[in-house]
Amino acid sequence: MMTERQRKFREQYKSDISPLYNGLVHIGVMYAVGIAAVIYCISQLSTASWEYLLIIPVFLAGNFVEWAMHTYVMHRRIDVFACAPFTKGIPGSIISISPTMTLR
């Protein structure tokens, strides 16, 4: 259920991806860094007692935030300055949160 505009963008975006990019390597590196960070943080909890109970809720909350960012923020053209009250009146304030990062 893609529009023609989305289909064209997807084809153009995919053609711009480097032939050296490998999705499985990308996923592997992300998981390796995440698991290493978790192992390091757990190793630093030497005298923790109830703090171990925070692991699961923090993990779930982090995954929810990651999902929400991908669903509602990433790769969408938004007018950031229209959303933030402290930026009213700044000219040329469209920022596109997209793979091409259009700033004006």
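Trainee: Hi! How many salt bridges does the count come to here?
Mentor: The count comes to one salt bridge. Keep in mind that this is a predicted model.

Trainee: Which residues form that salt bridge?
Mentor: Glu4 pairs with Arg7, and their closest N and O atoms are 3.9 Å apart. That counts because the cut-off for a salt bridge is 4 Å between a side-chain nitrogen of Lys or Arg and a carboxyl oxygen of Asp or Glu.

Trainee: And why do side chains like that pair at all?
Mentor: Side chains of opposite charge can pair when their charged atoms come close.

Trainee: Where do Glu4 and Arg7 sit relative to each other in the helix?
Mentor: Both are in helix α1, which covers residues 4-15. They are three residues apart there, so about one helical turn separates them. Arg7 is partly exposed, with a relative accessible area of 39%.

Trainee: Let's zoom out. What pattern does the protein chain follow along the sequence?
Mentor: Read along the sequence, the pattern is α-α-α-β-α-β. That comes to four helices and two strands.

Trainee: What percentage of the residues count as buried?
Mentor: Of the 104 residues in the protein chain, 9% count as buried. The chain exposes about 9,100 Å², with carbon and sulfur atoms supplying 69% of that area.

Trainee: What about contacts between residues at least 24 apart?
Mentor: If you take the contacts between residues at least 6 apart in sequence, 16% of them join residues at least 24 apart.

Trainee: New topic: which residues make the nonpolar surface patch?
Mentor: Val38, Ile42, Tyr52, Ile55, Ile56, Phe59 and Leu60 make a patch of about 670 Å². The elements giving two or more residues to the patch are α2 (23-43) and α3 (55-72).

Trainee: Which element gives the largest share of the patch?
Mentor: That would be α3, with four residues.

Trainee: How many Å separate the C-alpha atoms of Val38 and Phe59?
Mentor: The separation is 9.8 Å, for two residues that are 21 residues apart along the chain.

Trainee: Back to α2, then. What span should the 21 residues of α2 have?
Mentor: At 1.5 Å a residue, α2 should span 30 Å. The C-alpha atoms at its ends are 30 Å apart, which agrees.

Trainee: And what does the side chain of Asn22 reach at the start of α2?
Mentor: A side-chain oxygen of Asn22 comes to within 2.9 Å of the backbone nitrogen of Leu24.

Terms used. Residues are numbered from 1 along each chain as its sequence is written. This is a predicted model: local features need pLDDT of at least 70, side-chain atom pairs count only at pLDDT 80 or more; totals for chains, interfaces and linings use all residues. Side-chain values use heavy atoms; hydrogens and water are left out. Buried means under 20% relative accessible area, exposed over 50%, partly exposed in between (1.4 Å probe, protein chains only). Contact means heavy atoms within 4.5 Å. Accessible areas come from the Shrake-Rupley method with a 1.4 Å probe; for residues, only the protein chains shown count as cover. Patches are made of residues with over 30% relative accessible area and no salt bridge: like charges are joined within 9 Å, nonpolar side chains (Val, Leu, Ile, Met, Phe, Trp, Tyr) within 5 Å. The expected span of a helix is 1.5 Å times one less than its number of residues. A polar contact is a pair of N or O atoms within 3.5 Å; within protein, one must be able to donate a hydrogen and the other to accept it, and residues adjacent in sequence count only if both atoms are side-chain atoms.
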